[in-house]
Amino acid sequence: SPSHLSNYKFTVKVTRSTRSHVFLGFCTPSRDLRTYVGGDSHGWGCIGTGALWHGRQKVREGYGATWGEGDVVTCYLRDGDIGYEVNGVDYGIAFEHVGKKERRLQPAIGLYQKDDEVKVVEYDDRKEGKWNEDEWEGTIRAVLEGADGGEEVKEKIV
């Protein structure tokens, strides 16, 4: 996983989502994998409904455009700030100075609803950090097992 990132981006196509409950963002290695991106103090995430999450709190509503099935979404870290593009339109900074405070950030994808799917279509592999291509092969789908409010969401590559 990449570490010490100040500039990085990844792009996904939402291939299946009935309620736009797909989270994209960045997190530290200390994140809690049992919750969504932004569901703890170690993650910063945007959900397809346009809300920004950090520390298990909705820190902003109405960011950018809502997005869901069929949309192409890019999440970027630029000079320490996190932002998003939806279908080629850049909506600007969502979270400021994250990369300046946190030294080890990793791209993160969270799928909340059963059978939600995204396909990673592009990601950086610069010398700042390189992901093993095998990690991104195929489509990522949410698999829920006895989910209670999304706490037991698991992510896997199929």
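Biologist: Let's start inside: in the lining of the largest cavity, how many residues are nonpolar, polar and charged?
Modeller: A cavity here is a set of points on a 1 Å grid over the protein atoms alone where a 1.4 Å probe fits but cannot get out, and lining residues have an atom within 4 Å of a point. Ala, Val, Leu, Ile, Met, Phe, Trp, Tyr, Cys and Pro count as nonpolar, Asp, Glu, Lys and Arg as charged, and the others, Gly among them, as polar. Sorted like that, the lining of the largest cavity comes out as seven nonpolar, two polar and no charged.

Biologist: Which residues line the largest cavity?
Modeller: Keep in mind that this is a predicted model, where local features need pLDDT of at least 70 and side-chain atom pairs count only at 80 or more, while totals for chains, interfaces and linings use all residues. Numbering runs from 1 along each chain as its sequence is written, and side-chain values use heavy atoms, leaving out hydrogens and water. The lining is C46, G50, Y63, G64, A65, W67, Y84, V86 and Y91.

Biologist: And how much space lies in the largest cavity?
Modeller: Grid points are joined across faces, edges and corners, and the volume is the space filled by probe spheres set on the points. The structure holds one cavity of 30 Å³ or more. The space in the largest cavity is about 40 Å³.

Biologist: Zooming out, in what order do the elements of the protein chain run?
Modeller: Helices (H or I, at least four residues) and strands (E, at least two) are DSSP runs, numbered from the N terminus. The protein chain has 12 strands and one helix. Starting at the N terminus, the order is β-β-β-β-β-β-β-β-α-β-β-β-β.

Biologist: What share of contacts in the protein chain between residues at least 6 apart joins residues at least 24 apart?
Modeller: A contact means heavy atoms within 4.5 Å. The chain has 158 residues, and 47% of them are buried. Of the contacts between residues at least 6 apart in sequence, the share joining residues at least 24 apart is 55%.

Biologist: Where does pLDDT stay under 50?
Modeller: pLDDT is the predictor's confidence in each residue, from 0 to 100. The protein chain averages 78, with 73% of the residues scoring at least 70. One stretch under 50 has 32 contacts beyond four places in sequence, and it covers residues 126–139. Another has 49 such contacts, and it covers residues 141–158.

Biologist: Is Y76 buried or exposed?
Modeller: Y76 sits in strand β6 and touches residues including Y8, K9, F26 and I93, leaving out those up to four places away in sequence. The cut-offs are under 20% relative accessible area for buried, over 50% for exposed and partly exposed in between, using a 1.4 Å probe and protein chains only. Because its relative accessibility is 5%, Y76 counts as buried.

Biologist: Which residue's side chain makes a polar contact with the side chain of Y76?
Modeller: A polar contact is a pair of N or O atoms within 3.5 Å; within protein, one must be able to donate a hydrogen and the other to accept it, and residues adjacent in sequence count only if both atoms are side-chain atoms. At 2.7 Å, the partner of the Y76 side chain is D90.

Biologist: Over to R31: which backbone oxygen does its side chain reach?
Modeller: R31 lies in the loop between β2 (22–27) and β3 (43–47). Since its relative accessible area is 29%, R31 is partly exposed. Beyond four places in sequence, R31 is in contact with D40, H42 and Q106. Its side chain reaches, at 3.0 Å, the backbone oxygen of P29.

Biologist: What phi does D115 have?
Modeller: Most residues other than glycine have a negative phi. D79, in the loop between β6 (72–78) and β7 (81–86), has a positive phi near 50 degrees. D115 lies in the loop between β9 (106–111) and β10 (117–123). It is not a glycine either, yet its phi is positive, at about 70 degrees.

Key:
On a 1 Å grid over the protein atoms alone, a cavity is a set of points where a 1.4 Å probe fits but cannot get out, and a pocket is an open set with protein on both sides within 12 Å along at least five of seven lines; lining residues have an atom within 4 Å of a point.
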